[in-house]
Amino acid sequence: MSTQPEYDANSEAVRTHLTILQDVIRRMADNSASCKNWCVVLVAAILVLVARTDTTDYALLALLPTLLFLFLDAYYLALEQVFRNSYNAFVLKLHSDGGIALPDLYVVRPTGAVNKQLPVSLRSTAVWPFYLMLVIAIALVWKFDCIKALLGF
């Protein structure tokens, strides 16, 4: 009867597994930051075109990339959180009396449901203030034309 070996915190396999999980978490955080960068670039480009052509009604087009990147950003944050949960669960199991067995290694699977974490991510202070400010800027550009028309400019 063969028994599976248990791995401790000093095992190279355990350290490699933790490194893999850390890399996945880092990639999700980088993707979240990229969403914000691309959103600013696209919204700024649309608003510059609106300003140059003096057609502020088209400023509302900037809401499309803003909303798309808002949900994509929240999705990446949700993925990051479920992979953090996976990392923490692995470390807790490592420090428990049972230890880590071979089937626990090199399985990169999120712990928890992304769809349950997504609403939490949407309410995160890493998401809503940023996108709220973009929506306010878009609304100001759009309303500026209405204000100019009311004032007779």
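## The largest pocket

Let's start with the largest pocket in this predicted model, which has a volume of about 200 Å³. Which residues line the largest pocket? They are His17, Ser86, Ala89, Phe90, Lys93, Asp104, Val107, Arg109, Pro110 and Thr111.

Helix α2, which covers residues 63-95, gives the largest share of that lining, with 4 residues.

## Aromatic pairs

How many aromatic pairs turn up in a search of the whole structure? The search finds 2. One of them joins tyrosine 75 and tyrosine 76, with ring centres 6.0 Å apart. Their planes sit at 55 degrees, so this pair is called tilted. Tyrosine 75 has 37% relative accessibility, so it counts as partly exposed.

Phenylalanine 130 and tyrosine 131 make an edge-to-face pair. Here the distance is 4.9 Å centre to centre, and the angle between the planes is 85 degrees.

Trp128, Leu132, Met133, Ile136 and Leu140 make a nonpolar surface patch of about 510 Å².

Take methionine 133 from that group. Where is methionine 133 found? It belongs to helix α4, which runs over residues 128-151. Methionine 133 has 52% relative accessibility, so it counts as exposed; the cut-off for that label is over 50%.

Notes:
Residues numbered from 1 in each chain as written. Predicted model: local features only at pLDDT ≥ 70, side-chain atom pairs only at ≥ 80, totals over all residues. Heavy atoms only, no water. Patch = residues over 30% accessible without salt bridge, like charges linked within 9 Å, V, L, I, M, F, W, Y side chains within 5 Å. Areas by Shrake-Rupley, 256 points an atom, 1.4 Å probe, with all protein chains shown as cover. Salt bridge = Lys/Arg side-chain N within 4 Å of Asp/Glu carboxyl O. Helix = DSSP H or I, 4+ residues; strand = E, 2+ residues; numbered from the N terminus. Buried < 20%, exposed > 50% of the residue type's maximum accessible area, 1.4 Å probe, protein only. Phe/Tyr/Trp six-rings, centres within 6.5 Å; stacked < 30°, edge-to-face > 60°. 1 Å grid on protein atoms, 1.4 Å probe; cavity = no way out; pocket = protein on both sides within 12 Å on 5 of 7 lines; lining within 4 Å. Points joined across faces, edges and corners; volume = space filled by probe spheres on them.
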